[in-house]
Amino acid sequence: MKKQNKEGFTLVEVMAVLSISVFMLLISIHPIQNKYNEIAEGIFWKKFDESWMRLVTIVPKNGQKGNVYFYNDKAIFVISNQEKKYLYYPQGLHLYKYQNIQISASGRVKADTVVFNSEVTKLKYIITFQLAWGDYRIKKEKN
């Protein structure tokens, strides 16, 4: 009678290791996705600030008018209907209602408020545009 070679793993052992590995991978994907969305939201707010500051600087300098249109999926920064910059909201950030913020040729902005809800950070962002020289504040509240 021949002796069987007992080297290697059985199919059951390989399947057990693979299923444990897949389970651990699936558990780690959700926190990684949340962290990615949180970073994307931070990048959005930084780009929003840069776009806003550019708009309120260029408009009075050139004596033009500017607008920021807040739509469901994006904000559009417009200088005298010529130059447009699109800024798309990251996944999980939702606008409360459509808004239009106008910047006059002198650089003045009328007081207004724009509200966003974030599913990622569980915060409500309340952007208050100050009357006068294009200043705004972001207040964060828990949802």
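## What counts as a salt bridge

A salt bridge is a side-chain nitrogen of Lys or Arg sitting within 4 Å of a carboxyl oxygen of Asp or Glu. Why would such a pair form at all? Side chains of opposite charge can pair when their charged atoms come close. Keep in mind that what you're looking at is a predicted model. It holds five salt bridges, and here are some of them.

## Asp73 and Lys74

Let's start with Asp73 and Lys74, whose side chains meet in a salt bridge at 3.4 Å, N to O. That counts because 3.4 Å falls within the 4 Å cut-off.

Are these two buried or exposed? Asp73 is partly exposed, with a relative accessible area of 39%. Lys74, on the other hand, has 17% relative accessibility and counts as buried, because buried means under 20%.

## Arg54 and Glu83

Next up is the salt bridge between Arg54 and Glu83, where the closest N and O atoms are 2.6 Å apart. Which parts of the chain does this pair tie together? Arg54 belongs to helix α1 (residues 11-62), while Glu83 is in strand β3 (residues 83-88), so the bridge links parts that lie 29 residues apart in sequence.

## Glu141 and Lys139

One more pair to find in the structure: the side chains of Glu141 and Lys139 form a salt bridge, 3.3 Å from N to O. Glu141 is partly exposed here, with a relative accessible area of 29%.

Definitions and conventions: Residues numbered from 1 in each chain as written. Predicted model: local features only at pLDDT ≥ 70, side-chain atom pairs only at ≥ 80, totals over all residues. Heavy atoms only, no water. Helix = DSSP H or I, 4+ residues; strand = E, 2+ residues; numbered from the N terminus. Buried < 20%, exposed > 50% of the residue type's maximum accessible area, 1.4 Å probe, protein only.
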